[in-house]
Amino acid sequence: MKKSNISKRRRKEHLIAYAFILPDFLGLFIFVIIPIIYAFYISFFKWDFINEKIFVGAANYIRMWKDMNWWNAMLRTLKLTVLYVPLLFCLSLFFAALISTIRSKAGSFIKTSFLMPFAITSVIASTLWMFLYNEKRGYLNAAFKALGLSNQKFLGSGKQALVCIIVVLLWINLGYNMILFLSAIKDIPESYREAAILDGAGRWQVFRYITFPLIRQTSIFILVTTTIASFQVLDLIMVMTKGGPAKATEVGALYIYDRSFNMMEMGYGSALSVFLFFSLLVFSFVQMRLTSEEQGEGV
Amino acid sequence: MKKEPVKIILLVVFSIILLFPIYILFMSAFKEPGELFVVSLWPRKISFDNLKLVLNPKFLNSIKNSLFVSATVTAVAMILHSMCGYALARLDFPGKKLIFTTIISTLMIPTTTILVPLFMVCKSLGIENSYAGLIIPALFNAYGIFLFRQFYLDFPKELEEAAEVEGCGKVRLFVQIVLPLSRPMIVPLTIAFFLGTWNNYLWPLIINKKEEYQTIQVYLANMVSGYSTPWNEVIATAAMSAIPVFLLFLLLQKQLKEGIKVTGIK
């Protein structure tokens, strides 16, 4: 009798557990898992949303292979990633290391200032920087003029536009990543550094051999999340340049958006999405392997 | 640390550079309309003419929509994710590992790659051009579930055991004892979900074409998308719409810094 009581209670616990999990599981299934499967399915069709879907086999993937506009767009994504990720990484680490050494009350003001741009939405940041970048009457050109530099086109220039967008990305995300680094640095026991200094280590040596190795988990986390995010930069570009001038800022994610929602080529857009998804998946697997190796070493 | 003053000066100068664009935004909002593009550090005369342009019904409606959508997403997500995270951490049931792995694997799917099919799914569910379309797809986030699970794994077992002895059921235990003690995780996640939803531009742009449900980000972005941009109104609107989040930010600074540490998410 006692036994059946226990199993009854256990069955009740199972039911409660399923009830607790069901809403989230169902939601993730419908709004994340089904879409990725559906994208894969649609990528074998030609579909403009209005007429019937037509099965075309691998035609969309063959088209992607030959589509120079797509590869140029992906090349711009890579360019953005290669410029933005190391810059953000080094700047946020540099400022975190610097802030961690000061003891003054100014530290709080500095941290808040670094984080302020993060409290601004991407659309506000975009409009604000469009105003600052304004070619004829903007603040940046006024500052350039005061410094004796020539007038720049900024977002209107094919050469400068992508860099201008990277500047805004840095401005928004620097403080957030700096705080992540800072809290990792603060978690290192002070005695480690003191011991090294007693042994005659210089400031650079302390950073190189104590601090940096001990924040590797955070470093990898920031590298992975920033790289994945850099493949997905879309809102800033859509507001500030719409891919222009002359496609200078048309990155992969924007090309997919344009094909799908403006050209209504749902099948082709899905094929490109699937490709982007798998490239990011391969990338995050490589990164995850790196992270688990770190843990294996038992840092 | 002899070099401390040098470091502080360097950092303060850089902080001011970072703050400068925000200062320009608010300062310019108080300029006279004709003076907007006159480069200066201070308005010649403080004027409310730009700000008056902002307070029209469309702007107020979009602020209302954004507040409603962000608050609803945050509240519902907290309830769902804490329940799910709790069950995964503390309850026993068959298939637990498989369910957990499935949930975690969705973390690897970046939103940008599913925008097209997600739109198609929502369209076939008939929730485009509605609050439901803005809210429901924004709720489900495996990272929130994962963080709640991690939090509940470290939860003191004694509390649950004591409650069990008292004859308290699992549901009551969760609602009356576990949830009130979950503040350290609920606060940072509330900030993260609210800011994330408030900031979102792409999804509301895709899923809703009706002015009735337009969010503030879409409203503001639409202003600069035409051939001639009404800059006075844009700057004033940007400044006004930044205020709610700035207030939240200044009030919850400490929790926000703490929250970044705890959650690592935006």
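These exercises work through pockets, cavities, a helix and domains in a predicted model.

Residues are numbered from 1 along each chain as its sequence is written, and chains are lettered from A in the order in which they are written. Local features need pLDDT of at least 70, side-chain atom pairs count only at pLDDT 80 or more, and totals for chains, interfaces and linings use all residues, while side-chain values use heavy atoms, without hydrogens or water.

**Exercise 1. Describe the second largest pocket.**

Step 1. A pocket is an open set of points on a 1 Å grid over the protein atoms alone, with protein on both sides within 12 Å along at least five of seven lines. Lining residues have an atom within 4 Å of a point.

Step 2. Take the volume, the space filled by probe spheres set on the points. Here that is about 740 Å³.

Step 3. Look at the lining. It has 23 residues. A97(A), S100(A), T101(A), R193(A) and R203(A) lie nearest the centre.

Step 4. Find the helices, which are DSSP runs of H or I with at least four residues. In chain A, α3 (68-101), α7 (161-186), α8 (190-198) and α9 (203-214) each give two or more residues. The largest share, seven residues, comes from α3(A).

**Exercise 2. Which residues line the second largest cavity?**

Step 1. A cavity is a set of points where a 1.4 Å probe fits but cannot get out. The whole structure has three of 30 Å³ or more.

Step 2. Chain A brings L234(A), A253(A), I256(A), Y257(A), F261(A) and S273(A). Chain B brings T112(B), T113(B), L115(B) and V116(B).

Step 3. At least two lining residues each come from α12 (252-262) of chain A and α5 (111-124) of chain B.

**Exercise 3. Check the span of α13 (residues 231-251) of chain B.**

Step 1. The expected span is 1.5 Å times one less than the number of residues.

Step 2. For 21 residues that should be 30 Å. The end C-alpha atoms are 30 Å apart, so the two agree.

**Exercise 4. How far apart are the domain centres of chain B?**

Step 1. Bounds come from an automatic or database domain assignment. Chain B has domain 1 (1-47) and domain 2 (56-263).

Step 2. Their C-alpha centres lie 33 Å apart.
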